[in-house]
Amino acid sequence: MTLKSCCPTMPNSLLWAVDIFGRVYTLATAGQYWELCKDAHLEFKRVSAVKQCCWGIACDNQVYVYVCSSDVPIRHREETYENQRWNPVGGFCEKLMPSDRWQWSDVSGLKHQLLDSLVLPSPHWEWESDWYVDENFGGEPTEKGGWTYAMDFPATYTRDKKWNSCVRRRKWIRYRRYKSRDTWAKIPSHDDPKQLPDPFSDLSIGGWEITDEPVGRLSVWAVSLQGKVWYREDVCHPNPEGSSWSLVETPGEAVQISCGPYDLLWATLWEGQAMVREGIDRNNPKGSSWSIVEPPVPENGIMHVSVGVSVVWAVTKDRKVWFRRGVNSHNPCGTSWIEMVGEMMMVNVGLNDQVWGIGCDDRAVYFRQGVTPSELSGKTWKAIIANRENDRSHTGSSSSLLSAGCFFGDEVRGSGDSLAPSDTDTSSEADRPGLVSEYELSSGNSRPCPESSAVGSGAQGDSSEEEAALSANREGKAQVTAPAELPWTNIDLKETRKASAHSAACYAETTSLSSLGLFPMGLEEGYGADDHPLWAWVSGGGCTVETHTVLKWFTIQSGLSTSMQTLSLSITPAQTAAWRKQIFQQLTERTKRELENFRHYEQAVEQSVWVKTGTLQWWADWKPHKWIDVRVALEQFTGNDGTRDSILFIYYMFHEEKKYIHIFLNEVTVLVPVLNEAKHSFALYTPEKTKQRWPIRLAAATEQEMYDWLALLSTSCSESRRIQGRPSPQAIWSVTCKGDIFVSEPSADLEALTHPMPCDQMFWRQIGGHLRVVECNSHGVVWGIGYDHTAWVYTGGYGGGFFQGLASSTSNIYMQSDVKCVYIYENQRWNPVTGYTSRGLPTDRYMWSDVTGLQECTKANTKPPSLHWTWVSDWYIDFNISGGTDREGWQYASDFPSSYHGYKTMKDFVRRRRWARKCKLVTSGPWLEVAPISLWDVSIIPGCEEGSKDSIALWAISDKGDVLCRLGVSELNPAGSSWLHVGTDQPFISVSVGAFYQVWAVARDGSAFYRGSVSPKQPAGDCWYHIPSPPKQKLKQVSVGQTSVYALDENGNLWYRHGITPSYPQGSSWDHVSNNVRKVSIGPLDQVWVIANKVQGSHSLSCGTVCHRTGVQPREPKGQGWDYGIGGGWDHISVRANTTKALKSVSRETMEDNFSRTTDVEEGDGSGESSFFNKTMLVMNAVQEINGSAVTC
Amino acid sequence: MTDDKDVLRDVWFGRIPTCFTLYQDEITEREAEPYYLLLPRVSYLTLVTDKVKKHFQKVMRQEDISEIWFEYEGTPLKWHYPIGLLFDLLASNTALPWNITVHFKSFPEKDLLHCPSKDTIEAHFMSCMKEADALKHKSQVINEMQKKDHKQLWMGLQNDKFDQFWAINRKLMEYPAEDNGFRYIPFRIYQATTERPFIQKLFRPVAADGQLHTLGDLLKEVCPSAITTEDGVKKNQIMIHGIEPMLETPLQWLSEHLSYPDNFLHISIIPQPTD
């Protein structure tokens, strides 16, 4: 009803900040308090965060990485090969020929690699287990011992020993695990001390959007005090520390650096210009060259820059904030500077190009409001006034700070000696050498003072209180300075002994450029005035703020509302409040009192027929098919008992003759929105229309009008069937290829043995939200996965999306977003003169096209799938395409259309490459995000005994292929509590858990696995049993019902696992059941439902159709034929909640009635309906008219 | 579980069984039978009494008929107050049906407004709506609506079409997500015991400290006498739509769910019945 119910679900993404004392705090997007970083013993100068981790430079000048904890471990597989050769005497033995490879080697055989030679790379790793032999060979189990055989090294290995097998080898595996999570892990410096980078003064991480390979790859850039720029090699998800620092040549000495999520990298130079990295791309994430960008005003050099995907913000020495116009991948330098309002110490660009800054005067963190893709510069700065969760430490420090200030007094200035002892002390302990080395380095840099007056509030980048106070004092007192001899530390640096005698003011001056000062000028005053935290640094690289995000950062929240904010599926306090109960109760009593005895009274206002009329367009039934204007009227009757029924009339002209068709809404089985850029339309199905595969399609002039009609018709359909509120726990859930979610209440006779209800009579209603996969169980636990792999849990609400107001539940509806890619293809033909060009043959496809080549799709004219989607990226080359690509993304073939490969041969005359562009949808629905792990697949145990206290088994596959088991899932807490990682030797793609805790899974190599000993007591089971796939097929999905196990292969074949018994749960063989299957769902009654690829109707062909296996019985689990339900355009179905068994006494008459009624409805050519039963294979005839299907995939 | 939306339905479909009797001094040709009707609480007397008028006019001479008006126990009933409010204020805690006397003569000019046609009711209703939205959203929502939306609101009320009315009215019940409620709560407090027609002041749904204001907070502020107690016994009933919400009920919630169609919370303060 109100917008508040749309309070977005925010995965708790974090804003990181450092206060002037070096303490690191995080502020969650859903939170209201700054929380002190869990590992608080270190003090930091700089942090740079992304979602999964944060890098920082601590006051000991060491670099640390803080990897956020996750239920999925970071694992790395070490492997080495044991090689043997056969000789007539001893058989296979360790004795190899002199020309052979090492007995222990890497896969190539070139590197000697003993088991013991593989050691943990840093103290932050631990071994998961000991070495073991890999007995899986390309999805097939090997003989005992894991040996694979070949004629000679190097060669193709096979699992079978042949007469000519002279050599063999086997793979040893050992996993190591990264253990330093939720803590600051020091980046080890193995490097040669001579090349050891001098202490870093700035650091920035980003670049995760440049490429997905390896997973979680990051660009980590750092600037040393000497102004050199360093790049950390090999930082990625499985290697969070990276391997080594490499020096990147620069045209000048850098001061500060900023790396965006994609290919932008800017750094500031001592001279006040910025340098911009050019040539960063997937093949060269380090880039190739630098360009110089002059500061906006020559006298005020750039002090600080921060970059996003396509924005650059800068702060000049006079603290003015600047926005760079015209920045993008092709022009990373941009075009010109625009001055922004406000004075900042620094600014930071985070996710979605959102911007944060630290105010110059008050040291508060500011958030730039109103930054949108169309208005990247935003509107205003708004101060974040969230409190710190724990202010005790704050007061403590403040007093120590003041006392420190008192202690040092005014005399401190100019007396280098008073500073020296403490410095040497700390540095010799190497515990907090940060500030020391920094002093030292500034002296080493021997920079002349540009001006003698203090620029802004320059001071040290350290965070020691005494030091801070000291520099503040120095700052506070004017420019009277005396030369000071600064002490040396034990850090070995070149060039250090140069011009050490410089005025202290000068150091303050210069260092203020290298690192932002920690204090503003009037420090004491500013501090005393109010006790809000004073910040030194902020990083928004891990903080997701979107236009619909509601932040609670800008008001001080009272205690009560804090508890109200907690988003959870449990009933909110407001709903259980006594006042609410009282109102419900009193209203009931009132109605009883005032109405009960007076029902016979006449109503003052008579109920009447209500008609909604309008003008729509209708996709005409006759040829040539086209959109024609029609008048439509919906007549709603209210019966005496309050029930409603409705008829939809469509009035049209046919050969200048007025005609109409009418549809009883209680016969409508589904209404499907069909959005494309051309038409705002929807499709209406009845059982008859489903058989024809030819729905009634209606289009409205505007999207709003279409949704008004769709919402009204949907509500009327539900009303006429007396269906309202949340779906029952037995409901069948499905998803279309557009991501729309539909749910159907199963009738008792749906799974009847004889005369089951035909599934084209099922009524489907839409539930708000956008998903790729939805899975349910009979306890009402429903999970979904979005196109962007986000996991969602059903909240128990209904409506959302375009169902506004009354068609939607007031609570449990949240914002939901999804991201998917739109693909277009660039096609080129080779000619002998110019090589590959975009000039094709006259007969060729468009040079920019869709996948088929039939439709022209250029970068400019390709639009997001509908108005609801907005572009969130630019076009980029997609390298993740089957067949592989070359370095530029091209795939080659002899001619169009053909199968493509990722390398050029002599026979190839055409090539193509795929471009992708991300678009995003924001909608609402009864779904809450289950952060933070993204999922590929999910399965919930179909049902367990009523009242069982065991938590509900839920298994999932992460988007990285990890197998996960969810703990703590129950009816009351469907989201569960945490993930338990189940180790595997390779990535998995599908998982399913059956009614008796039989867990089956499919690995990426196409073979299946059975998980042994899974039980409520042992939720993750004990070990995997390898089950070979059907011959020459790669499995892609598995579904386990009560006892049945079905699997689906990549060629659309459906397989039944034969020979499963309680004592032998793995079964013995795969039996072929059907082809033409896209998805399968086995229910708790072992019922078999699939999405069929193609189904021929009487009028048209549909792709993606719900089908139900008929004749499935305990004795005949494979069933006999298919019954065809709703489609095309359906992509996923889950029947795993439907435990509704047919009543024994389902009267035959009603069934007969149903049948006869369906036949009555059919008019005209109801040809071929009877043929829909008893087909053992899903039919797939020659293509007729595909455009009849409303939704095509 | 019961949904907040059910409250809207219950409020909308509230009915008061009423017995209309012709005033004894009215001149009739035949004896006038009383007329029984279920009156919608959220509507207006003159909007829903066409049947009553017709019924009594049948027994009267044409020349004796002038503008109809209603009276309960000597008090003329203001047609521009919602029916539920009139009942709560004047007749709650009495036996049902509600006995209303029908007059065709001696229109009490000083007590009642004339109601020459339904347009008058519509004008009054829409002006209340606009006033309420001025308080809630600085009139932004109602002004952004089209003429047909305004018409739909009125037709929804006139024809007792809940869905039709709420399809539009929900927009008036929204507020920006960053606020915790409306700008001001449109409310009117009526007291049976005073001459003053009603109390109406500016009152925000959220306190300066971010806490939600409750019904109790409102009364404490604008009508403290209503919630005074004597020896721990409540002196008054605080009534909306025939129920007594707890003083802890958040005002914003009340405004969203228990407002009359004119978007005002009409709150009746009536003396606690003695028994």
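Student: What makes up residues 184-269 of chain B, and how far apart are the end C-alpha atoms of that span?

Tutor: In this predicted model, the span is 17% helix and 21% strand, and its end C-alpha atoms lie 21 Å apart; helices (H or I, at least four residues) and strands (E, at least two) are DSSP runs, numbered from the N terminus. Residues are numbered from 1 along each chain as its sequence is written, and chains are lettered from A in the order in which they are written. Because the model is predicted, local features need pLDDT of at least 70, and side-chain atom pairs count only at pLDDT 80 or more, while totals for chains, interfaces and linings use all residues.

Student: Why is strand β5 of chain A called largely enclosed?

Tutor: A residue is buried if 20 or more other C-beta atoms, placed from the backbone, lie within 10 Å of its own. Six of the six residues of β5 (residues 53-58) of chain A are buried, so the strand is largely enclosed by the rest of the structure.

Student: Which residues point each way from β5(A)?

Tutor: C53(A), W55(A) and I57(A) point one way, and C54(A), G56(A) and A58(A) the other. In a regular strand the side chains alternate between the two faces of the sheet.

Student: What makes β4(A) and β5(A) a pair?

Tutor: Two strands pair if DSSP finds at least two bridges between them; β4 (residues 44-49) of chain A and β5(A) have five bridges, in the antiparallel sense, and V47(A) stands opposite G56(A) in β5(A). Five bridges also join β5(A) to β6 (residues 63-67) of chain A, again antiparallel, where V63(A) is the bridge partner of I57(A).

Notes. A residue is buried if 20 or more other C-beta atoms lie within 10 Å of its own, exposed if 12 or fewer, and partly exposed in between; C-beta atoms are placed from the backbone.
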